[in-house]
Amino acid sequence: MSDVVDVLIGQHDRMRELCDDIASATGAAKHRLFAELDVLVNVHEFGDRTVVHPAARDSTPAGDAVGVACMAEEGAIERTIAELHELGAGAATFDARFAALRRALLAHHAHEERDEFPLMRLYLRPQRLHMMVGQLHDVQTMGVR
């Protein structure tokens, strides 16, 4: 049975796939894929802020510092996605700006997977990690725009 870390890593994997697909797509396909990434990132980060980071911050040593750093990265990523959404996938500067977003997103995922998720698995009881799947699902469903 999957726990919240497994679910989050699955979402990271989907975002990586979307980034790869966007980098090679053109026209309407690029626009559609970017729209999917936009929603997934925003829903994922809403879940992080609401469920994941508070659990890590409250229950693990160094969780506060890791959570704050992750939230700062997420804010920058969300601002960049909003700017790219405003710019549009067909804009001349989209690809270069998207490449920077992709690097930031991949670095952020690596940070969470290297620093935050292992802390959660070490210090949170397995039952809590499993219960957090339902909490994450609920807040992510509410966060869909």
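Is Arg 97 buried, partly exposed or exposed, and at what relative accessibility? I looked it up: Arg 97 counts as partly exposed, at 34% relative accessibility (buried is under 20% relative accessible area, exposed over 50%, partly exposed in between, with a 1.4 Å probe and protein chains only).

Ground rules for my notes. This is a predicted model, where local features need pLDDT of at least 70, side-chain atom pairs count only at pLDDT 80 or more, and totals for chains, interfaces and linings use all residues. Residues are numbered from 1 along each chain as its sequence is written, and side-chain values use heavy atoms, with hydrogens and water left out.

Next, the partner. I found the side chain of Arg 97 in a salt bridge with that of Glu 83 (3.1 Å, N to O); the term means a side-chain nitrogen of Lys or Arg within 4 Å of a carboxyl oxygen of Asp or Glu. This pair links distant parts of the chain, 14 residues apart: Glu 83 sits in helix α3 (residues 63-87) and Arg 97 in helix α4 (helices are DSSP runs of H or I, at least four residues, numbered from the N terminus). Glu 83 is partly exposed too, at 41%.

I then checked Lys 30 and Asp 95, whose side chains form a salt bridge at 2.4 Å, N to O. Lys 30 is in helix α2 (residues 27-59) and Asp 95 in helix α4 (residues 94-123), so the pair ties together parts 65 residues apart in sequence. Lys 30 is buried at 7%, while Asp 95 is partly exposed at 44%.

Last, I noted a salt-bridge network linking Asp 3, Asp 6 and Arg 121. The count of salt bridges comes to 12.

Technical notes
Helices (H or I, at least four residues) and strands (E, at least two) are DSSP runs, numbered from the N terminus.
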